[in-house]
4 protein chains.
Amino acid sequence: MTQETIDKILKFRDDRDWKQFHNPKDLAISLSLEASELLEIFQWSGSDVACTDKKDKIAEELADVVIYCVHMADACNLDLDEIVQKKLAVNEEKYPVNKAKGRSDKYSEL
Amino acid sequence: MTQETIDKILKFRDDRDWKQFHNPKDLAISLSLEASELLEIFQWSGSDVACTDKKDKIAEELADVVIYCVHMADACNLDLDEIVQKKLAVNEEKYPVNKAKGRSDKYSEL
Amino acid sequence: MTQETIDKILKFRDDRDWKQFHNPKDLAISLSLEASELLEIFQWSGSDVACTDKKDKIAEELADVVIYCVHMADACNLDLDEIVQKKLAVNEEKYPVNKAKGRSDKYSEL
Amino acid sequence: MTQETIDKILKFRDDRDWKQFHNPKDLAISLSLEASELLEIFQWSGSDVACTDKKDKIAEELADVVIYCVHMADACNLDLDEIVQKKLAVNEEKYPVNKAKGRSDKYSEL
């Protein structure tokens, strides 16, 4: 995601003077609600459902989740690249390739 | 978020041969679960809680959400910049500055 | 669910002097978090997963959800029988038998 | 909640021949989605929001959560009284009165 997109997300917020509402607790609630709207697309569908059937709806709801991720990162002064790369390093420890390859189990059950 | 970070996320998945599990329904479930883990940080806390108190934990859980956003986008062949900019245009219509400025109401109540 | 069980749930709360924390917003957050813990049991599992494999874990997480339902009802002075029967009447309208029988579609798509 | 209410919930399902869709994974998804709709009522509201402002909406969404709890219990052959009383006993251990009284901390932090 380019800095230009991130800047547009934050400008949208600032144009509406919404930063005052963006405490981390309420942002986490909204992020969770948007993730549920994404999940709702798949309510009662099989695991074999393809993206193609619902691509526009998925795009829209996923975008809302991403937008709140950017707001949360901004509110807490976090850099997305930095936190993701740090977390990947943690996950490398939890899910070493030789144990996790081809398995969907949680790390505690590997 | 740089392409380098996105590539690392996808390489992590491919090194473990996990793409086979990444149908959109199960990705949406995981994304929702990670969003809940982020929200759990704020369970019973006031809305005035500051990021600083829990910054490392927020960073870790937010990173997990972002990682699943990248997996979902990849699984459905979506470009994050494109879908976000498209959604911002939709939101511009729903939340015009003159109506939404300084208000946290849902668009249907503006 | 008997009144005895409901009374035990509320006594548990009152013994710990927790009613002071039970505003509806924070109860709704906790209820949502517990529902996610129930869902987590099925992360990456097929839709054909049977209850039997995970019955104890399901029982435990479902109980947590039910406990918060009782707390929310008590906090808002709602009677579970009354609200459920009222909602079933609404759902009867949304999902008439002749349209909804054997179909998992949302009412807006029937 | 009376057996009569539970029977009505199950009759509603059976009249529509919906038991075929009620595997525990999809029920857990629906339960989580309904819990999110309850939470959405409190999006951006303060923790001091009173039930009275939104009582009808809370009643409706809470009812949906309870209905899915009954479906999940039925699908997995669980008795709500039994699982709740069992869980309360577990919680008694995790949150002993002398440690937990007047505190909202998680058991791991008491």
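How many residues does the contact take from chain A and how many from chain C?

Reply: Happy to. The contact takes nine residues from chain A and nine from chain C, where contact means heavy atoms within 4.5 Å. Before going on, a word on the basis: this is a predicted model, in which local features need pLDDT of at least 70 and side-chain atom pairs count only at pLDDT 80 or more, while totals for chains, interfaces and linings use all residues. Residues are numbered from 1 along each chain as its sequence is written, chains are lettered from A and ligands numbered from 1 in the order in which they are written, and side-chain values use heavy atoms, with hydrogens and water left out.

Back to chains A and C. They bury about 690 Å² between them, 42% of it on carbon and sulfur atoms; buried area is the accessible area (1.4 Å probe) that two parts lose on being put together, summed over both. On the chain A side, A:Lys25, A:Trp44 and A:Ser104 supply 42% of the area buried against chain C, more than any other three residues.

Now for the charges. Four salt bridges are found across this interface, a salt bridge being a side-chain nitrogen of Lys or Arg within 4 Å of a carboxyl oxygen of Asp or Glu. C:Glu40 and A:Lys106 meet in a salt bridge, at 2.9 Å from N to O. The interface of chains A and C also has four residue pairs in polar contact, both residues at pLDDT 80 or more. (A polar contact is a pair of N or O atoms within 3.5 Å; within protein, one must be able to donate a hydrogen and the other to accept it, and residues adjacent in sequence count only if both atoms are side-chain atoms.) By class, the side of chain A that touches chain C has three nonpolar, two polar and four charged residues. Here Ala, Val, Leu, Ile, Met, Phe, Trp, Tyr, Cys and Pro count as nonpolar, Asp, Glu, Lys and Arg as charged, and the others, Gly among them, as polar.

The area buried between chain A and chain B is about 6000 Å², with carbon and sulfur atoms giving 69%. A:Met1, A:Arg16 and A:Lys25 are the residues of chain A that lose the most area to chain B, together 11% of what that side buries. Across the interface of chains A and B, 27 residue pairs are in polar contact.

Chain A can also be laid on chain B by a turn of 180° and a shift of 0.0 Å along the axis, with an RMSD of 0.0 Å. These two copies are thus related as by a two-fold rotation axis. In chain A, the C-alpha of A:Met1 is nearest that axis, 2.4 Å from it.

Note on methods. Least-squares fit on C-alpha atoms with pLDDT ≥ 70 in both.
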